[in-house]
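Here are a few notes to keep beside you as you look at this structure for the first time. Please take them in order and turn the view as you go.

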Amino acid sequence: MNPLRSLREALDERVAGQEQAKEALILAVLARQHVYLEGPPGCGKSLLAAELAHHVAAEAVAVSLHRDTRRAELLGETALRRRRVDGGERLSEELRPGALLTARVVLIDDLFRAPPTLLASLLRLLSERRWEGRALALETAVATATPGPAVSAAALDSLLDGFGFQIRLSGLVAGGDWSAARRLLDATAAERSAPRWTPALRAELQQRARRVEIGRGAREAWWRLARRWPDAFRGLSDRRFSRVLADALRAHAFWRGRERADAADLRVLRYLLGRRLDAETAVELERSVEEIAGELGEAPPAGRGQGRAKAAGWGGSGSKGAEPVEILDLALPRNRIGPSRRTDPVDVGLLLRALRGTSQRGSAQVRDDPGGAPRQYRELRRLDELADADPVDAALFAEARLPERPRVHRRQRQDAAGELALLRDVSASMEGRLHRWAAGLADALVRYAARRRSRVAYVEFDHRARRYRCDSRFLHRGYARLLGQLERAEPGGRTNYQAPLRAALEELEHAPGADRQVVMLTDGLPVAGDPEVLSERRLARRLGVRVHTVFVGLGPCPPVLDRLSRETGGRGFLARPGPGGGMGLRERPAAAGARA
Amino acid sequence: MSGGALQRLRGLLDRHVVGHDSAKQALLLALLSREHVYLEGPPGTAKTRMAELVAGGSGLSFFFYQLHRDTRMAELVGDVVLERRPLDEGDGERIAQRIEPGGVLSCEVCVLDDISRAPGEALNVLLRVLNERRFGERELPLMTAIATGNPVSDEYYNEPLDPAHLDRFALQLRVDSLLQADPPEAARALLERFASGEVREQPEVEPVLSRAELASLQQAVGEVEVPGRVKDSLLEILRSLVADYGCDDPAALLTDRSFLVKAVKLLRGRALLAGRRTVEPEDLAVLHWMTRFRVPEAAHEALPELIGKTLGKRR
Ligand SMILES: Nc1ncnc2c1ncn2[C@@H]1O[C@H](COP(=O)(O)OP(=O)(O)O)[C@@H](O)[C@H]1O
Ligand SMILES: [Mg+2]
């Protein structure tokens, strides 16, 4: 029997439906590509991956990622080796290659559970397929994930670029595949049958797939599609557009039993673009393939192409409010942070304590870092850590009198934490002393953020809001440049609360992380925009963003500021002349009201 | 002179990589003038591939390292070993920790892939070593370091590189996606390249030039003449960057080392690449490969025009 058909049937034995995923996985094995499977929990992603590995007879390794996954679990542990050398003894370390370095197929469950930095290096390893100059045996990695983290689409594209194939599945019920749902209901727990392929067969099939030619029609269609669908292709790197697509076309043609790929084989694009395409575009793209194949006189293949690109709620993002928001870039130069040049000392301790107090509930994390402070002991893992070992342990160890390894300091550092958006009123009423105070408060907040390496966003507002970017990012660590801008701000215009809040919340909406705070500095009553900022209050609550408000000046504080802070779990302050004539900061009790 | 040697290396790059003309030229220039080069761009734009090709094709000993979050200095410089030996006299023992040099300490070309991923501490030391080309007592045989990196599109997964770090790379360029580029011809060529099946990628690259050829070229760079008027133009351009484009901040990276010493070397290299023994004003275009991460974006973008204006005035 045709080994491809046989493999396909084997996958049907224990997994109902998910036709596209099955086809994609088989093609990925043929083309030696990695696959990213995104879908809701319980739709058979991991099961399918495991079945595949079993039936293609690959030495597979499954890794389950979790919050504390260590690099060594993936790459292997280092071992110390004692050896006699002429008259003396030599101690060196060597790596015992772990799962990832030896397996041919790797199944990675729950990709985004891994700590972000580990994830980044894991993905890099997969895409480079080499480690310390050595090529890995790895052919195909299949990673499953529930929808990705809240990072920008471009960041996700770049992060996942190593996965040649990227598809999205939905459950049978949610996706409306009722016949497969029925089969699943009827299914009796089937035993797994014997592997359908042998390693030698796998290698042979891969080789034959690689020898498929790509015909003129396919090339022309490939190009026309790219020109016709620039947005869909935007998610492809040059590598995926060229090399990966070429190999995918070959595998697809081979899978259809041909020695030459034609225009219709571009159907395979759905497996490259699946993660990003919404259902409609997917269908249209497919139609486009057929159309182009027709134009080129290459008929679409019979029987296939009834592509049901069903996707669960991937609705477009809501339309943005038409607020008067301007986008500006922070001016250079990117110098270092100098000492504060403020002449009015501003005591902002109260405000900083409020920020810190809330942030401890958040995600401020401590992570291992060789440059960090010693916090506790752990076992020595590498010889070069000896310098950091407990001296007594180290001496005993060197003399081979210590049965285990010496203890070394575990150095840790507070991880960069949180996002802070600073909204500063520069309307005309903010002049003279008030302007200086607001500048002083802003200055202190930015320095505070710099110490904690929190990212900052800055919005200046009067009746309009001006969002400042640093190297085209709103949330950034360009503290020095921001401090420069604080100095430059000029008072003018009237006051609008809605525009700056909307501007900041929209930014934070796309920023990951649990510790997101806004500090709004103002002296005025809102005369433009919604004075009650109703939808912004709602948005802040939904996002879990705390909005602190500081009312600078002598008049009464508008009650909406109290409401804003109270509802979002933020704090409210008044900046008034203190005893010495300088600024005095105190808390507004009305803002603290009925906080949970 | 074996200008043909460079042609061969360029041919190797062109055989394997479509487009990216500036990056290719900059890589050759780096090798020729023994400077370091940094390529930044989105994933999958052949940065690593080009670096590999230059390293392998130049016939020099090379070290390839992919940096990651836990990169330690020891992995870059060799293996750490601990030795215990009885003392020659008396009955004591001597315990010594030492490094068996490897990695960047013993190679001639090193490829540091993805430097944006390395922790600040290791990077700091590493880049200092690259810059000084010595490690402790040891002088490195290193000629050129080629580093690649991704633009930081999300700091959740990446830490931004300190611009001061990037100053260690005389040449610094951005590599953009061909698919997103405006005239689409290059993307079409890329497609054809992979569709044709001509290119089979093997990790091993055959050297296309000999050590002696490279050495004589490197020597020839030093002999290229730099006319006074080109030096004057260089100063005028720098003056305008400082005065008109806000590059006067002490922390801005218009350092004397880069722009008065290395720039001249690169000018010579560029002339030699073009087969000349004298630097021409057009060679000042190399400045554009030096400023990407050293001056504000606006100044960098305006540079070609500024160079054009300066040369026009002189004419
Ligand atoms: N311009 C190009 N010419 C030839 N091959 C390319 C080109 N761009 C991308 N590729 C393909 O993509 C692969 C990945 O490139 P790589 O060097 O790893 O990218 P980067 O280091 O920029 O992430 C290359 O090995 C090659 O197969
Ligand atoms: Mg790379």
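**Notes on helix packing, the chain interface and salt bridges**

1. Let us begin with a pair of helices in chain B. The crossing of α9(B) and α10(B) is right-handed. Please keep in mind throughout that this is a predicted model. The residues that meet here are V230(B), L234(B), L235(B) and L238(B) from α9(B), together with F259(B), L260(B) and L267(B) from α10(B). Sorted by class, this contact of α9(B) with α10(B) holds seven nonpolar residues, no polar ones and no charged ones.

2. Now for the geometry of that pair. Helix α9 of chain B covers residues 228-244 and helix α10 of chain B covers residues 256-273; they pack at an angle of about 130°, and their axes lie 12 Å apart. Because of that angle, α9(B) is oblique to α10(B).

3. Helix α21 (residues 534-543) of chain A packs with helix α22 (residues 559-568) of chain A at an angle of about 20°, the axes being 9 Å apart. Why are these two called roughly parallel? Angles under 35 degrees count as roughly parallel, and α21(A) and α22(A) therefore fall into that group.

4. The crossing of α21(A) past α22(A) is right-handed. On the α21(A) side the contact uses R537(A), A540(A) and R541(A), and on the α22(A) side V560(A), R563(A), L564(A), E567(A) and T568(A). By class, the residues in this contact of α21(A) with α22(A) are three nonpolar, one polar and four charged.

5. Next, please look at where the two chains meet. Chain A brings 69 residues to the contact and chain B brings 63 residues. Between chain A and chain B an area of about 6000 Å² is buried, with 52% of it coming from carbon and sulfur atoms.

6. How many salt bridges are there between chain A and chain B? The count is four. A salt bridge joins the side chains of E52(B) and R130(A), with a distance of 2.2 Å from N to O. Side chains of opposite charge can pair when their charged atoms come close.

7. Over all chains, the count of salt bridges comes to 63.

Key. Residues are numbered from 1 along each chain as its sequence is written. Chains are lettered from A and ligands numbered from 1 in the order in which they are written. This is a predicted model: local features need pLDDT of at least 70, side-chain atom pairs count only at pLDDT 80 or more; totals for chains, interfaces and linings use all residues. Side-chain values use heavy atoms; hydrogens and water are left out. Axes are lines fitted to C-alpha atoms, for helices over the stretch in contact, and angles run from 0 to 180 degrees between N-to-C directions. Helices (H or I, at least four residues) and strands (E, at least two) are DSSP runs, numbered from the N terminus. Angles under 35 degrees count as roughly parallel, over 145 as roughly antiparallel, 65 to 115 as roughly perpendicular and the rest as oblique. A crossing is left-handed if the near helix is turned anticlockwise from the far one by less than a right angle, and right-handed if clockwise. Contact means heavy atoms within 4.5 Å. Ala, Val, Leu, Ile, Met, Phe, Trp, Tyr, Cys and Pro count as nonpolar, Asp, Glu, Lys and Arg as charged, and the others, Gly among them, as polar. Buried area is the accessible area (1.4 Å probe) that two parts lose on being put together, summed over both.
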